[in-house]
Amino acid sequence: MRKTLTTIIALALVAGGVAACGNSDSGGDGKIVLGFSQVGAESGWRTANTKSIQDSAKEAGITLKFSDAQQKQENQIKAIRTFIQQKVDVIAFSPVVESGWDTVLKEAKAKKIPVILTDRAIDSKDTSLYKTFLGSDFVEEGRRSAQWLVKATEGSTDPVTIVELQGTTGSAPAIDRKEGFAEVIKADPKFQIIASQTGDFTRAKGKEVMQAFLKAHKDIDVLYAHNDDMALGAIQAIEEAGLKPGTDIKIISVDGVKDAFVAMTEGKINVVVECNPLLGPQLMDIVKKVVDGQETPQRIVTEEGVFTADQAAAALPNRKY
Ligand code: AHR
């Protein structure tokens with residue numbers, strides 16, 4: 001009898017998901033508690049990503065502890081340590097930069113708190129420090145950006161001068177998008193990157209750096225911006241300099257936020273390589289699996305497309321971010 005009762009209780013706990021999230025003393029209601037450390041609010045992409053995570057947590061019945069690092073690694077490390085102290089069930093984060101995470105992630109591992117990387121990867125040899133990495137293939141995004149340029153200039157041997165607005169220094173998307181783009185253009189010496197500098201993924205910095213590029217170089221053919229916000233800031237700088245963005249200077253951007261699609265319909269951006277921020281639903285599924293002890297793949301790549309200016313008007317009404 002005693003054995004039957006124990007079995008019934010154990011089954012009930014598993015069915016209710018309570019057994020799986022016993023780690024947390026911060027929820028108290030039997031719900032899974034997820035600590036999420038976000039990079040910041042630097043771009044339209046990021047705002048959409050945050051909303052997707054917050055909405056999906058609510059829908060999935062997961063208690064979300066959300067922390068905004070304001071683009072600073074030290075704030076993310078602090079937030080992760082706080083989540084460890086609070087004994088959350090799972091920690092997820094989008095690392096502002098690639099390196100410097102081993103110590104804090106070892107602390108999480110020592111307390112048996114699983115970690116999920118979302119959006120951005122870390123540069124660590126120890127892959128046991130996280131369960132999975134959910135996000136885009138940034139190198140491929142860089143390649144796709146360059147492939148558009150190769151096609152757009154096909155048949156011409158004229159030199160193509162390029163300025164590059166890089167994302168946050170040391171971040172995975174800045175490193176990878178640069179690498180993927182360079183890998184493709186190196187096949188033809190007509191492509192020359194004449195200036196490359198960080199615009200920190202923000203409109204203000206994108207504008208400021210583009211102003212400096214325009215002052216220093218009279219012969220810019222192409223702007224490659226690692227995200228839409230920097231491209232949109234640069235458009236202002238180009239217009240203020242009396243030039244036509246998209247015509248006098250061709251613009252390649254990454255992300256695919258609505259404002260960039262509007263700029264494409266106005267002919268101010270030539271191509272946008274999509275980077276999908278709506279990672280919330282997939283993240284919540286992974287969180288549940290991890291808490292449940294199920295296996296997850298080490299890497300989950302987001303599916304994305306490429307949109308040219310002539311496709312923008314038709315695509316705009318369907319854009320979700
Ligand atoms: O990590 C994704 C990148 O971060 C997006 O391209 C950019 O807009 C954001 O800030």
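**The ligand and its shell**

Visitor: What classes of residue make up the shell around the ligand?
Guide: By class, the shell has six charged, four nonpolar and two polar residues. Please note that this is a predicted model.

Visitor: Which residues are they?
Guide: The residues surrounding the ligand are E42, S43, W45, R46, D119, R120, F138, P173, R177, F201, N227 and D255.

Visitor: Which side chains have a polar atom by a ligand oxygen?
Guide: Among them is D255, with a polar side-chain atom 2.6 Å from an oxygen atom of the ligand. For R120 the corresponding distance is 2.8 Å, and for S43 it is 3.0 Å.

Visitor: And how much of the ligand does the protein bury?
Guide: The protein buries 100% of the 280 Å² that the ligand exposes when taken alone.

Visitor: Turning to domains, where does the ligand lie?
Guide: The ligand lies between domain 1 (27-136 + 277-303) and domain 2 (138-275), because both give residues to the shell around it.

Key
Residues are numbered from 1 along each chain as its sequence is written. This is a predicted model: local features need pLDDT of at least 70, side-chain atom pairs count only at pLDDT 80 or more; totals for chains, interfaces and linings use all residues. Side-chain values use heavy atoms; hydrogens and water are left out. A residue is near a molecule or strand if one of its heavy atoms lies within 4 Å of it. A polar contact is a pair of N or O atoms within 3.5 Å; within protein, one must be able to donate a hydrogen and the other to accept it, and residues adjacent in sequence count only if both atoms are side-chain atoms. Accessible areas come from the Shrake-Rupley method with a 1.4 Å probe; for residues, only the protein chains shown count as cover. Ala, Val, Leu, Ile, Met, Phe, Trp, Tyr, Cys and Pro count as nonpolar, Asp, Glu, Lys and Arg as charged, and the others, Gly among them, as polar. Domain bounds come from an automatic or database domain assignment.
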